Amino acid sequence: MPEFDGAVHRDAKQHRKDLKRERRLASAGWDRRGYTSYDVLHQAVSILRDADEALGRPHDPARIRGWHAIVKKSLFSPAGQNLLRDRIRASL
């Protein structure tokens, strides 16, 4: 089960809750994998590889292209930021 873990998950109280939950998931047979925003934005192929492994399918890194296209148009990339600036300028 992939999950996004932000910085709030390292707060001592939240971390305790998360670890307890992770143990419950493991007891139920679930394999939880946590990822940070850096992983999602810069290491997406490794997340895809983990998912492929969990699903028992061959890893095809080319399948990440769709995700890279989305990120490229988002505000998380310089190209996406330029697109927004151009849209704002065009509307003025």
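Asp31, Arg33, Asp50 and Glu53 are joined in a network of salt bridges, a salt bridge being a side-chain nitrogen of Lys or Arg within 4 Å of a carboxyl oxygen of Asp or Glu. By this rule the count comes to 7 salt bridges. The model is a predicted one, in which local features need pLDDT of at least 70 and side-chain atom pairs count only at pLDDT 80 or more, while totals for chains, interfaces and linings use all residues. Residues are numbered from 1 along each chain as its sequence is written, and side-chain values use heavy atoms, with hydrogens and water left out.

**Overall form**

- The secondary structure of the chain consists of 5 helices and 2 strands, where helices (H or I, at least four residues) and strands (E, at least two) are DSSP runs numbered from the N terminus.
- Read from the N terminus, the elements follow the order β-α-β-α-α-α-α. The radius of gyration of the chain is 18 Å, well over the 12 Å that the globule rule gives for 92 residues, so the chain is more spread out than a compact globule; this radius is taken over C-alpha atoms, and the rule is 2.2 Å times the number of residues to the power 0.38.
- Taken along the principal axes, the C-alpha atoms of the chain fill a box of roughly 55 × 40 × 15 Å.
- Of the 92 residues, 17% count as buried, with buried meaning under 20% relative accessible area, exposed over 50%, and partly exposed in between (1.4 Å probe, protein chains only).
- Among contacts with a separation of 6 or more, 35% come from residues 24 or more positions apart, a contact being heavy atoms within 4.5 Å.

**Salt bridges**

- Asp52 is buried, with a relative accessible area of 1%, and forms a salt bridge with Arg57 in which the closest N and O atoms are 2.4 Å apart; Arg57 itself counts as partly exposed at 36%.
- Asp52 also meets the side chain of Arg63 in a salt bridge (2.3 Å, N to O). Arg63 lies in the loop between α3 and α4 and Asp52 in helix α3, so this pair ties together parts that are 11 residues apart in sequence.
- Arg63 is partly exposed, its relative accessible area being 38%.

**Surroundings of Asp5**

- Asp5 lies in the loop between β1 (2-4) and α1 (12-27), and is buried with a relative accessible area of 11%.
- Leaving aside neighbours within four places in sequence, Asp5 is in contact with Arg10, Arg32, Gly34, Tyr35 and Thr36.
- The C-alpha atoms of Asp5 and Thr36 are 5.3 Å apart, although 31 residues separate the two along the chain.

**Surface**

- The chain exposes about 7,200 Å², of which carbon and sulfur atoms supply 59%; accessible areas come from the Shrake-Rupley method with a 1.4 Å probe, and for residues only the protein chains shown count as cover.
- Leu75, Leu84, Ile88 and Leu92 form a nonpolar patch on the surface, together having about 420 Å² of accessible area. Patches are made of residues with over 30% relative accessible area and no salt bridge, like charges being joined within 9 Å and nonpolar side chains (Val, Leu, Ile, Met, Phe, Trp, Tyr) within 5 Å.
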